[in-house]
Amino acid sequence: MKFDRYSKTLLAWDGSWTYEDLNIFLAGPSLTTPGVNMDFRGVPDEADRLNVIAYLRTLADSPVPLP
Ligand code: HEM
């Protein structure tokens with residue numbers, strides 16, 4: 001599959017996203033991951049981020065074990 005509408009930053013992302021990667025990215029996408037197109041200020045509160053990540057995990061076909 002080709003995602004040509006993604007930023008160079010995300011296209012250059014190598015490997016799978018870990019929960020830690022998601023936690024950093026969601027804290028403030030353009031601050032923690034310069035160059036991304038996600039025009040969203042992020043989720044500054046860590047407890048909120050953990051809830052978002054836990055929710056995303058429920059959507060996975062085969063959820064990766066939590067750290
Ligand atoms: C808490 C809410 C959100 C979560 C959990 C989230 C999650 C993510 C993740 C994990 C990615 C990178 C992986 C992928 O592209 O599949 C991503 C990319 C992106 N998201 Fe979000 N997102 C959220 C809110 C938003 C909002 C509100 C917008 C629109 C204003 C948005 C627009 C985008 C765009 C445009 C990209 C591609 C960025 C790039 O190529 O640099 N996201 N999002």
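A salt bridge here is a side-chain nitrogen of Lys or Arg within 4 Å of a carboxyl oxygen of Asp or Glu. By that criterion the structure holds one salt bridge, and Arg49 forms it with Glu46. This is a predicted model, in which local features need pLDDT of at least 70 and side-chain atom pairs count only at pLDDT 80 or more, while totals for chains, interfaces and linings use all residues. Residues are numbered from 1 along each chain as its sequence is written, and side-chain values use heavy atoms, with hydrogens and water left out.

**Overall fold**

- The protein has four helices and zero strands; helices (H or I, at least four residues) and strands (E, at least two) are DSSP runs, numbered from the N terminus.
- Along the sequence the pattern reads α-α-α-α.
- The C-alpha trace spans about 30 × 30 × 15 Å along its principal axes.
- Of the 67 residues in the protein, 21% are buried; buried means under 20% relative accessible area, exposed means over 50%, and partly exposed lies in between (1.4 Å probe, protein chains only).

**Ligand and iron site**

- The iron atom of the ligand has a single donor from the protein, the SD atom of Met38, at 2.2 Å.
- Donors are N, O and S atoms within 2.8 Å of the metal (3.2 Å for Na, K and Ca); water is not among the atoms, so sites may look incomplete.
- Met38 belongs to the loop between α3 (29-32) and α4 (46-58).
- There are 13 residues around the ligand, and Tyr6, Ser7, Val36, Asn37 and Met38 come nearest; a residue is near a molecule or strand if one of its heavy atoms lies within 4 Å of it.
- Helix α2 (residues 19-27) supplies the largest share of the shell around the ligand, with three residues.
- From the side chain of Ser7, an N or O atom is 2.4 Å from an oxygen atom of the ligand.
- Asn37 places a backbone N or O atom 2.6 Å from an oxygen atom of the ligand.
- For Tyr6, a polar side-chain atom lies 3.0 Å from an oxygen atom of the ligand.

- In the bridge between Arg49 and Glu46, the closest N and O atoms are 3.7 Å apart.
- Both partners, Arg49 and Glu46, sit in helix α4, three residues apart, which is about one turn of the helix.
- Arg49 counts as buried because its relative accessibility is 8%.
- Glu46 has a relative accessibility of 44% and therefore counts as partly exposed.
- Asn23 is located in helix α2, and its relative accessibility of 10% makes it buried.
- The side chain of Asn23 is joined to that of Arg49 by a polar contact of 2.7 Å; a polar contact is a pair of N or O atoms within 3.5 Å, where within protein one must be able to donate a hydrogen and the other to accept it, and residues adjacent in sequence count only if both atoms are side-chain atoms.
- A polar contact of 3.0 Å links the side chains of Asn23 and Glu46.

**Loop between α3 and α4**

- Thr33 also has its place in the loop between α3 and α4.
- With 9% relative accessibility, Thr33 counts as buried.
- The side chains of Thr33 and Thr32 make a polar contact of 3.2 Å.

**Surface patch**

- Val52, Tyr55, Leu56 and Leu59 make a nonpolar surface patch of about 370 Å².
- Patches consist of residues with over 30% relative accessible area and no salt bridge; like charges are joined within 9 Å, and nonpolar side chains (Val, Leu, Ile, Met, Phe, Trp, Tyr) within 5 Å.
- Accessible areas come from the Shrake-Rupley method with a 1.4 Å probe, and for residues only the protein chains shown count as cover.
- Leu56, one of the patch residues, is in helix α4 and counts as partly exposed at 36% relative accessibility.

**Distances in sequence and in space**

- Ala27, in helix α2, is partly exposed at a relative accessible area of 27%.
- Between Ala27 and Gly42 there are 15 residues of sequence separation and 5.1 Å in space, C-alpha to C-alpha.
- Ala60 is in the segment after α4 and counts as partly exposed at 35% relative accessibility.
- Ala60 and Phe40 are separated by 20 residues in sequence and by 23 Å in space, C-alpha to C-alpha.
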